[in-house]
Structure formats: structure tokens, C-alpha cells
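Open the model in a viewer and keep the selection tool at hand. The stops below say what to select next and what is there.

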Amino acid sequence: MSSGLPADERTWTGRISDNMCGLSHADMTASHGEKAMSERDCTLLCVRNGGKYVLISDGKVYVIGNQDFKALQELAGLLVVLTGEMDAHSIRVSRIEKNDHTLETGTSQVPPSAP
């Protein structure tokens, strides 16, 4: 049975964050001087200030290799389903979409859907 994905592509669920905050925005939000900054606003501000987008999934931080992938900015701070190739250092995103089907911050790898 074919999954429709190239053999080296995987799919994760998680949240788009930034490498300055990593697993938690609490400390960085306080340093921004904002009392009620959302995870999205914090991620976007950190990236504007030199941070890089990351995926938070299953309590782990995954570096995203192709920082120019357009949907990263659109989905910053949100739950997503991300598909891409993982090498020793980062994930190269091929597809990303908003995940409205889970309330969890990150879950383990999602098996590819059948065509």
C-alpha cells in the first residue's frame, strides 16, 4: 500500500515556534515587556529579531531548514501538521497546514494518510 509520500518524507504534528523561545514562550514574552503576548505574536517578533522558525512536537524542538517556506509566517504559533524530509540537522518542509483536529501542543508522528 502506497502512502503517497516519498519514502524519506515524514509527517509530524506540533506547533510552529522559534529557536529563541523553544519549548516555552513564558520567559521571552516577559522580556518583550508584553503582559499578554500570544505565542503567535512572540514567535513572529522573535523571528523578526533574528530567531529561526522551529517545530515543537512531542516535547522536542526540530529546526526547520527552509526558513523561507511561506506558510511558516502564516502559521507561526499555531498547531500544524507538517510534512518534510529530516536530515541530521533539520526538517526541510514540503507541506504544512493548520491542525484544527487536536488540542495538544505536540503529538507523536502522524502516519501518512492513504491516497
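**Stop 1: the core**

Select Ile-16, Tyr-53, Leu-55, Ile-64, Val-80, Leu-82 and Ile-96: these have the most contacts inside the largest nonpolar core, which has 16 residues. A nonpolar core is a set of buried Ala, Val, Leu, Ile, Met, Phe, Trp, Tyr and Cys residues joined through side-chain atoms within 4.5 Å. Buried means under 20% relative accessible area, exposed over 50%, and partly exposed in between, with a 1.4 Å probe and protein chains only. Two or more residues of this core come from each of E1, E2, helix H3 (71-74), E4 and E5. E5 gives the most, with 3 residues. Helices (H or I, at least four residues) and strands (E, at least two) are DSSP runs, numbered from the N terminus.

The model is predicted: local features need pLDDT of at least 70 and side-chain atom pairs pLDDT 80 or more, while totals for chains, interfaces and linings use all residues. Residues are numbered from 1 along each chain as its sequence is written, and side-chain values use heavy atoms, leaving out hydrogens and water.

**Stop 2: the sheet**

Now show the strands. An open sheet of 5 strands has the order E3-E2-E1-E4-E5, with antiparallel pairing; two strands pair if DSSP finds at least two bridges between them. Strands E3 (60-63) and E5 (91-98) are at the edges with a single partner strand each, so one side of each has no neighbour in the sheet. From one strand to the next, the twist averages 45°.

**Stop 3: strand E1**

Select residues 9-18, which are strand E1; 7 bridges join E1 to the antiparallel strand E4 (residues 79-86). Glu-9 has Glu-85 as its bridge partner in E4, and Trp-12 stands opposite Leu-82. Another 4 bridges join E1 to E2, where Ile-16 stands opposite Leu-55. Of the 10 residues of E1, 9 are buried.

Angles run from 0 to 180 degrees between N-to-C directions, and axes are lines fitted to C-alpha atoms, for helices over the stretch in contact; contact means heavy atoms within 4.5 Å.

**Stop 4: two rings**

Which residues form the tilted pair? Select Trp-12 and Tyr-62: their ring centres are 6.1 Å apart and their planes at 45°, so the pair is tilted. Rings of Phe, Tyr and Trp (its six-membered ring) pair if their centres lie within 6.5 Å; planes under 30 degrees apart count as stacked, over 60 as edge-to-face and the rest as tilted. Both Trp-12 and Tyr-62 are buried.
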